[in-house]
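Please have the sequence and the structure open while reading.

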Amino acid sequence: MATDDVLTANRVLLTHFDSYSAALLFAKWEGGSLLYPGPLPETATLATAPAAAAAQHAPEAVKAALVEGLGLNPDEVTLDQDFNHWADTESGPVRIHLLRFTCFEAPKSALAPHGAVFKPISELRGCNRQELALAREVFNLIIGAGGGRA
């Protein structure tokens with residue numbers, strides 16, 4: 001499946017968590033979206049998972065497409081299997097994945113050429129309401145509620 005096809009049916013939140021300082025950072029893309037390769041359509045609504053996820057929603061394929069598209073080191077990015085979110089769009093379901101950088105520091109220089117900066121959740125005001133809700137879910141998963149939903 002082509003990279004563009006995979007990323008059409010999926011979106012990715014990229015984060016970095018420093019366990020030493022408890023700093024959780026989110027990649028914020030040019031234009032203000034927290035999702036790669038772009039925001040959900042305006043008409044999208046967050047939803048539950050469909051009965052069966054198609055091959056186009058396979059997490060490993062999404063990770064591979066992201067690594068290829070952004071030129072990342074695959075050993076420094078991990079999929080978070082506990083994050084399972086979806087959106088309904090006019091063109092079908094879109095799965096939202098959480099990929100976490102495992103390197104010591106957030107790879108700011110790796111994402112800067114692609115128009116992304118890392119921001120803590122406290123600096124995400126003004127982002128799309130649904131994307132902020134997803135960021136809150138990530139915060140609860142990693143820092144807050146130990147895996148509980150907000």
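Predicted model: local features only at pLDDT ≥ 70, side-chain atom pairs only at ≥ 80, totals over all residues.

Residues are numbered from 1 along each chain as its sequence is written, and side-chain values use heavy atoms, with hydrogens and water left out.

**Whole chain**

- The protein chain has four helices and eight strands; helices (H or I, at least four residues) and strands (E, at least two) are DSSP runs, numbered from the N terminus.
- Read from the N terminus, the order of elements is α-β-β-β-β-α-β-β-β-α-β-α.
- Of the 150 residues, 44% count as buried, that is, under 20% relative accessible area with a 1.4 Å probe, protein chains only.
- Contact means heavy atoms within 4.5 Å. Among contacts between residues at least 6 apart in sequence, 71% join residues at least 24 apart.
- The accessible surface (Shrake-Rupley method, 1.4 Å probe) comes to about 7,900 Å², and 49% of that belongs to carbon and sulfur atoms.

- Strand 6 spans residues 85-89 and is mostly covered, with four of its five residues buried.
- Two strands pair if DSSP finds at least two bridges between them.
- Strand 4 (residues 45-47) pairs with strand 6 in the antiparallel sense over three bridges; Asp88 in strand 6 is the bridge partner of Thr45.
- Strand 7 (residues 92-101) also pairs with strand 6 in the antiparallel sense, over five bridges.
- Gly92 in strand 7 stands opposite Thr89, and a hairpin through two residues joins strand 6 to strand 7.

Terms used
Buried < 20%, exposed > 50% of the residue type's maximum accessible area, 1.4 Å probe, protein only.
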